[in-house]
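Please look at the sequence and the 3D structure shown next.

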Amino acid sequence: MSSLFYTLLVPVLSYFLWNLIGIIKNIRKARAIGIPVVWSPVSPENPIWIICSKKVAPYIRRLPFGDWTDYSTIDWTWNDRENDFKVLRKYGKVFAHVMPGKLVIRTADPAMVHRVLSDRRAFVKSLADVTDMLDIYGPSVVSRDGNEWQRHRRITTRSFGESVHRIAWPEAVRQTEQMVELWSQDERGFRSTARDFPTLTLNVLMRAAYGVQYDFHDSSEKVPPKGHNRTYRDCLREVMDMRNIVLLNIVPSFIFSFPWAPRRLRSLQTSSRELEKYLIESVVACRETLKSSPDKSMNFMESLVQENQATTSKSGGLSDRELYGNLFVWTLGGHETTANTLLFALFLLAAFPMVQEWLFEELDGIELDYESFPRMKRSLAVMLETLRMFPTISPGSKATGDCPVPMQTMEGDTLIIPPHTSITPNLPALQVLPEVWGPDSLTWRPTRWLDTDDGQLRTPVEGSFEPWGDGSRVCPGKKFAQVEFVAVISCIFSRYKIEAVPEGEESAEDARERVWKAVNKTESGLTLKVENSERVAFKILERRAASGEANPMAGDHV
Ligand code: HEM
């Protein structure tokens, strides 16, 4: 018995000792940089910790020395903002975070963030980057680095250009008209925004990139097609959850099928397998189309499939697994982020009706077509301001390579970053820095984006606004997302206005205050969402009926 005890104790103690030595070494390394240093026994990116931290961290926080949970959960940057920037005020914009086997610089300094995101020679993919977990169906542009990333990026972006945007605009308008029709039928107000926007953006992506058209009304169909036991959307929704992605990565597949496995695991496995089946079927159908009409102009999916048929990964094309991996991440990235941006914008516009009025001025007298997109500066400003305050996803962490890298901060200090050190941008703090954005940096004010003289869009201070990342790894769907967002917003607000439905005895002003509070209660997983968004009901009204109404929230907000 005692020998078994020692046999188990020795590796456990060695593991802890090894981690302790690593932490001490990293603390010394971090102190040499000359910035505040904090440490924690677990890293925010630890898969087990990602799954349990939401439940466990609040208890640990109450213990003596439990403060480390303030900067050591996957969503700590958002919690810190809700906590009035407790961590930022204590340690400053730039601090070093030491964990077992890892040293990460957490920064909300614009100069550093810009350099890290745009200097691909000095910074490589980091250990603190969790994008590898998205390789459930195969490697993709999101998880690769170096030459391999270049190959994925070149192939996948080649066919994602102007022609895709041109298809996206009318489809976004068509989908929005159908969605609005459903919204207007609900006399008690609609609460389905968290479901509706992902439906809409997925439909637009399907049409523009994959050549398949759905109607908005039919998209909530619960009946799976023949040969499937779940709908595509239900599978995608379940697999896309951050904790489920972690589970798919760490739980061996045979455990999912055990009869005593929790129902949640079995359901997740069904969704994941079904999604793979859908992917394979769509590729098979696409190959057939390419065979029967080889000369047609190709959409995004067809061009990826052709790339897969013509060559192998070694000769510069995409292997089967890489094809599935890319189709999965492009579908994920191509709809969820824009959907959530639209969700935040709708809440914010309902909270600030004066901004709606400001939009009406631009939309009245403008044709709702793709040609008008460059002139719809106010609609775009609404998107930029929404993403400034609520960046729906963060750029990946980067790291120094074998050499130390000197970096300048915004204040002009030089920090020497040691080799193999990760640097992670803190967007929720960076994009509301008062020294960059002014004393009203926490106010949602889209007018800040437009020059008062010529009405042109302002360019923010370098590195202070990075919702799409920067440099060569900047989001390849940036323009697509902008076109789609502007099409949806302009389609809604050219005819309608949105109001929050008051609850009980609540005044209209109280209802707007409640919406503002609700939008500031976020939930951060793979992407950022409004927590419990379904608790807020909105109504959609024809604009003409609304003209001349007094607007209590107006003040000098705009
Ligand atoms: C509001 C909408 C969107 C936001 C805020 C957003 C944001 C981002 C961010 C922050 C990155 C990471 C950049 C980095 O690591 O430095 C990224 C990468 C990416 N995005 Fe988006 N995105 C949006 C829409 C889209 C759309 C519509 C698509 C496709 C149709 C898309 C496809 C991708 C892909 C494939 C990558 C990986 C690029 C690479 O690693 O080279 N995104 N996006």
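## Helices H16 and H19

H16 passes H19 in a right-handed crossing. A crossing is right-handed if the near helix is turned clockwise from the far one by less than a right angle, and left-handed if anticlockwise. The axes of H16 and helix H19 (residues 478-493) come within 9 Å and cross at roughly 115°, and the two helices are therefore roughly perpendicular to each other. Angles of 65 to 115 degrees count as roughly perpendicular, under 35 as roughly parallel, over 145 as roughly antiparallel and the rest as oblique. Axes are lines fitted to C-alpha atoms, for helices over the stretch in contact, and angles run from 0 to 180 degrees between N-to-C directions. Helices (H or I, at least four residues) and strands (E, at least two) are DSSP runs, numbered from the N terminus.

On the H16 side, the contact with H19 is made by Ser379, Leu380, Val382 and Met383. On the H19 side, Gln482, Phe485, Val486, Ile489 and Ser490 take part. Two residues are in contact if their C-beta atoms, placed from the backbone, lie within 7 Å. The residues of this contact divide into 6 nonpolar, 3 polar and no charged. Here Ala, Val, Leu, Ile, Met, Phe, Trp, Tyr, Cys and Pro count as nonpolar, Asp, Glu, Lys and Arg as charged, and the others, Gly among them, as polar.

## About the model

This is a predicted model, in which local features need pLDDT of at least 70, side-chain atom pairs count only at pLDDT 80 or more, and totals for chains, interfaces and linings use all residues. Residues are numbered from 1 along each chain as its sequence is written.

## Helices H15 and H16

H16 (residues 377-389) also packs with helix H15 (residues 353-363): their axes come within 8 Å and cross at roughly 145°. From H15, the contact uses Val355, Trp358, Leu359 and Glu362, and from H16 it uses Arg378, Ser379 and Val382. By type, the residues of this contact are 4 nonpolar, 1 polar and 2 charged.

## Helices H14 and H20

Helix H14 (residues 320-351) and helix H20 (residues 508-519) pack at an angle of about 150°, with their axes 8 Å apart. H14 and H20 are therefore roughly antiparallel to each other, and their crossing is left-handed.

Which residues of H14 and H20 meet? In H14 they are Phe344, Phe347, Leu348, Ala350 and Ala351, and in H20 they are Arg512, Val515, Trp516, Ala518 and Val519. The residues of the contact of H14 with H20 divide into 9 nonpolar, no polar and 1 charged.

## The buried face of H9

In helix H9 (residues 232-239), Tyr232, Cys235, Leu236 and Val239 are buried. A residue is buried if 20 or more other C-beta atoms lie within 10 Å of its own, exposed if 12 or fewer, and partly exposed in between, with C-beta atoms placed from the backbone. Seen down the axis of H9, the buried residues fall within an arc of 95°, so they line one face of the helix. The arc is that of the directions from the helix axis to the C-beta atoms. These buried residues pack against helix H10 (242-250) and helix H12 (263-292).

## Two buried residues

Threonine 107 is found in strand E3 (residues 102-107). Is threonine 107 buried or exposed? Threonine 107 counts as buried because it has 27 C-beta neighbours inside 10 Å. Leaving aside neighbours within four places in sequence, threonine 107 is in contact with Lys93, Val94, Met112, Val113, Ile423, Pro425 and Asn426.

Leucine 117 belongs to helix H5 (residues 110-118) and counts as buried, with 23 C-beta neighbours inside 10 Å. Not counting residues up to four places away in sequence, leucine 117 touches Pro395, Glu466, Gly469, Asp470 and Gly471.

## Exposed residues

Phenylalanine 65 lies in the loop between helix H2 (47-62) and helix H3 (76-82). Its phi is positive, about 65°, although phenylalanine 65 is not a glycine. With 7 C-beta neighbours inside 10 Å, phenylalanine 65 counts as exposed.

Aspartate 84 lies in the loop between H3 and helix H4 (86-91). Aspartate 84 is also a residue other than glycine with a positive phi, near 60°. Aspartate 84 has 8 C-beta neighbours inside 10 Å and so counts as exposed.
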